[in-house]
Amino acid sequence: MVSVNEHSDGLVVGVDSGGSGIRVALAEAVGGRVLADRVSREPVRTGAGGISAGHFLDQVLPAVRALGEPFPGRPVVAVAVGAAGMATLGDELRAGLPGAFAEAWGVRRLVLAADAVTAYAGALGQRPGVVVAGGTGLIALGTDLTSWRRADGWGHLLGDCGSGAWIGRAGLEAAMRAHDGRRGGSEALLARAEKVFGPAAGLAGVLYPRTDRPAVLASFAPEVGDCAATDPVAAGILARAGRHIAEAAEAACPAEPGAAVALTGGLFKMGEPLLAPLRAALGELLPTARPVAPAGDPLAGAVALASALATGTLRLPEDPALLRLFGAGPASAGPSTQVGGGA
């Protein structure tokens, strides 16, 4: 195990890369206190080889160099990267980032993780439990600290049940049912849909050509939430969403009583119209689990992973798709490890 004193002056880098851009934080290796952070609103490009390592590095290396300017002489001793799509599209990152970070900063301790893992680490740290990360999509990830269990996260065509895209699509279906005069329709949701997208008869032409269709569907979810207090169809959609979310949590949760359950992501900002049925479903399906508020976000999780790797205290399990460790040996501490002007 690495001595804590070995890196008492060291720094770690945490990176959260997702559909809305990249966030980078520079933190103390011991304790993980964030010293500075930076945000880029430009998402990393995805090409034939998956997530582009070159585009990622073009944003992260200058950001860390700028963040490190006020801390000359303090080496980077570990890095953790959480990226959306890492499990299925991360081959180029796994191949390119270890060497690039070693060349730039002399650091060889690296964690590459799916964004669900950094969401887990941010919300629950390194204790057993399950985290449901909900936004446009939805995934549940749980661990007993021996292995990971995943449920859903299969995209808006195959799953993401209960997600923003799922709720938005269900709301628009109810709107179209009302437009046609079919059972199960909602005049309230039809009025909202036409206000947002224009005449209902043209809705298919608006949605189907869009390459960002999941995000467009998810943009209608707040409209469903706003209607739920007075419209039983909208309330029913959110009740079904809550059940789907609880089922994902149940599937990924460790079996032992008292496992922690946390919800993280923008989906849950919808408030009580979604949270009330979700709490009821969790109470039914996971009666011995312990709901907790998330301690932090995915960037905080990336920092926590980097700090744990630097100090030899990482307990979350490795997994070929979800969490990969590189360079378990000591990091060098020569001039090239400085992240300021000498980086």
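Guide: The second largest pocket of this predicted model holds about 360 Å³ of space. A pocket is an open set of points on a 1 Å grid over the protein atoms alone, where a 1.4 Å probe fits, with protein on both sides within 12 Å along at least five of seven lines; lining residues have an atom within 4 Å of a point. Its volume is the space filled by probe spheres set on the points, which are joined across faces, edges and corners. Residues are numbered from 1 along each chain as its sequence is written, and side-chain values use heavy atoms, without hydrogens and water. Local features need pLDDT of at least 70 and side-chain atom pairs count only at pLDDT 80 or more, whereas totals for chains, interfaces and linings use all residues.

The lining of this pocket comprises 17 residues, with Arg169, Leu172, Leu207, Tyr208 and Leu217 nearest the centre. Helices H5 (155-158), H6 (164-180), H8 (203-207) and H9 each contribute at least two residues, and H6 has the largest share, 6 residues. Helices (H or I, at least four residues) and strands (E, at least two) are DSSP runs, numbered from the N terminus. By class, the lining has 10 nonpolar, 3 polar and 4 charged residues; Ala, Val, Leu, Ile, Met, Phe, Trp, Tyr, Cys and Pro count as nonpolar, Asp, Glu, Lys and Arg as charged, and the others, Gly among them, as polar.

Of the 47 residues lining the largest pocket, Gly18, Gly19, Ala84, Gly85 and Asp115 are closest to its centre. The elements that give two or more residues to this lining include H9 (213-218), strand E1 (11-18), strand E2 (21-28), strand E3 (34-40), helix H4, E8 and E9, while H2 gives the most, with 4 residues. Its lining divides into 21 nonpolar, 18 polar and 8 charged residues.

E1, E2 and E3 belong to an open, mixed sheet of 6 strands in the order E3-E2-E1-E6-E7-E13, edged by E3 and E13 (323-326), each pairing on one side only. Two strands pair if DSSP finds at least two bridges between them. E1 and E2 run antiparallel, joined by 8 bridges; among the partners, aspartate 16 faces arginine 23 in E2. Helix H1 (53-68) packs on this sheet, touching E1, E2, E3 and E6 (76-83), with its direction at about 35° to that of E2. Contact means heavy atoms within 4.5 Å; axes are lines fitted to C-alpha atoms, for helices over the stretch in contact, and angles run from 0 to 180 degrees between N-to-C directions. E2 and E3 form a hairpin with 5 residues between them, and glycine 31 in its turn has a positive phi of about 100°.

E8 and E9 belong to an open sheet of 5 strands, ordered E10-E9-E8-E11-E12 with mixed pairing, in which E10 (148-152) and E12 (290-291) are the edge strands. Helix H4 (115-124) packs on this sheet, touching E8 (129-134), E9 (138-143), E10 and E11, at about 120° to E8. H4 also lies across E6, E7 (110-114) and E13, running at about 105° to E7. Helix H11 (232-252) lies across E8, E9 and E10, at about 25° to E9.
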